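Subject: Structure handover

Hello,

Here is the structure I promised to pass on. Please open it first, then read my notes below.

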Amino acid sequence: HGTLRDAIDKRWGSTEEMRKKFTEAAITRFGSGWAWLGVKSDGTLDIVSTANQDNPLMTGVAEQDLIPILGLDVWEHAYYIRYQNRRPEYIEKWWNVVNWDFVVHCYDEYASKGLPVPIT
């Protein structure tokens with residue numbers, strides 16, 4: 001909702017299209033890692049994935065440096081007990097528990113202003 005929804009619609013045309021791109025980034029991450037939605041230095045949104053423990057705040061480790069506002073852990077430890085090797089099923093179920101109010105807060109209060117989201 002709000003300004004984040006507007007930014008998503010501007011970048012991808014719809015939240016459904018953003019979700020498809022994010023899911024693709026998570027599914028295609030080979031091995032352990034993360035998928036991220038974040039804000040680039042020019043203020044636009046992007047989706048990247050990183051290997052292992054890396055994150056897009058670390059210069060040069062992602063396809064694009066950005067301030068993350070939503071991250072999905074795709075290490076096997078995050079899903080293996082329940083989903084075994086069915087990462088796509090885990091990702092689909094994960095969308096049901098995303099706290100969008102918090103993501104919007106992180107976007108509005110920090111990332112859209114070029115500030116990293118503080119650890120709370």
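Arg5, Ile8, Asp9 and Trp12 of α1 touch Thr15, Glu17, Met18 and Lys21 of α2. Sorted by class, this contact of α1 with α2 holds three nonpolar, one polar and four charged residues. Please keep in mind throughout that the model is predicted.

Now the geometry of that pair. Helix α2 covers residues 15-28, and its axis lies 8 Å from that of α1. The two helices pack at an angle of about 70°. Angles of 65 to 115 degrees count as roughly perpendicular, so α1 is roughly perpendicular to α2.

Helix α1, residues 2-12, also packs on α5. Here the axes come within 8 Å and cross at roughly 85°. That angle makes α1 roughly perpendicular to α5 as well. On the α1 side, the contact is made by Thr3, Leu4 and Ala7. On the α5 side, Trp100, Val103, Val104, Tyr107 and Asp108 take part. By class, the contact of α1 with α5 has six nonpolar residues, one polar and one charged.

How much space lies in the largest pocket? It is about 360 Å³. The lining has 17 residues, and the closest to the pocket centre are Trp36, Pro68, Ile69, Leu70 and Val117. Which elements each supply at least two residues of this lining? They are β1 (33-39), β3 (67-73) and α5 (100-109). Strand β3 gives the largest share, with five residues. In the lining of the largest pocket, 14 residues are nonpolar and three are polar. None is charged.

Last, the chain as a whole. The chain has five helices and three strands. Along the sequence, their pattern is α-α-β-β-β-α-α-α. The C-alpha trace spans about 40 × 30 × 25 Å along its principal axes. What of the radius of gyration? For 120 residues, a compact globule would have a value near 14 Å. The chain has 14 Å, so the two agree.

Those are my notes on the structure.

Best wishes

Terms used. Residues are numbered from 1 along each chain as its sequence is written. This is a predicted model: local features need pLDDT of at least 70, side-chain atom pairs count only at pLDDT 80 or more; totals for chains, interfaces and linings use all residues. Side-chain values use heavy atoms; hydrogens and water are left out. On a 1 Å grid over the protein atoms alone, a cavity is a set of points where a 1.4 Å probe fits but cannot get out, and a pocket is an open set with protein on both sides within 12 Å along at least five of seven lines; lining residues have an atom within 4 Å of a point. Grid points are joined across faces, edges and corners, and a volume is the space filled by probe spheres set on the points. Helices (H or I, at least four residues) and strands (E, at least two) are DSSP runs, numbered from the N terminus. Ala, Val, Leu, Ile, Met, Phe, Trp, Tyr, Cys and Pro count as nonpolar, Asp, Glu, Lys and Arg as charged, and the others, Gly among them, as polar. Axes are lines fitted to C-alpha atoms, for helices over the stretch in contact, and angles run from 0 to 180 degrees between N-to-C directions. Angles under 35 degrees count as roughly parallel, over 145 as roughly antiparallel, 65 to 115 as roughly perpendicular and the rest as oblique. Contact means heavy atoms within 4.5 Å. The radius of gyration is taken over C-alpha atoms; the globule rule is 2.2 Å times the number of residues to the power 0.38.
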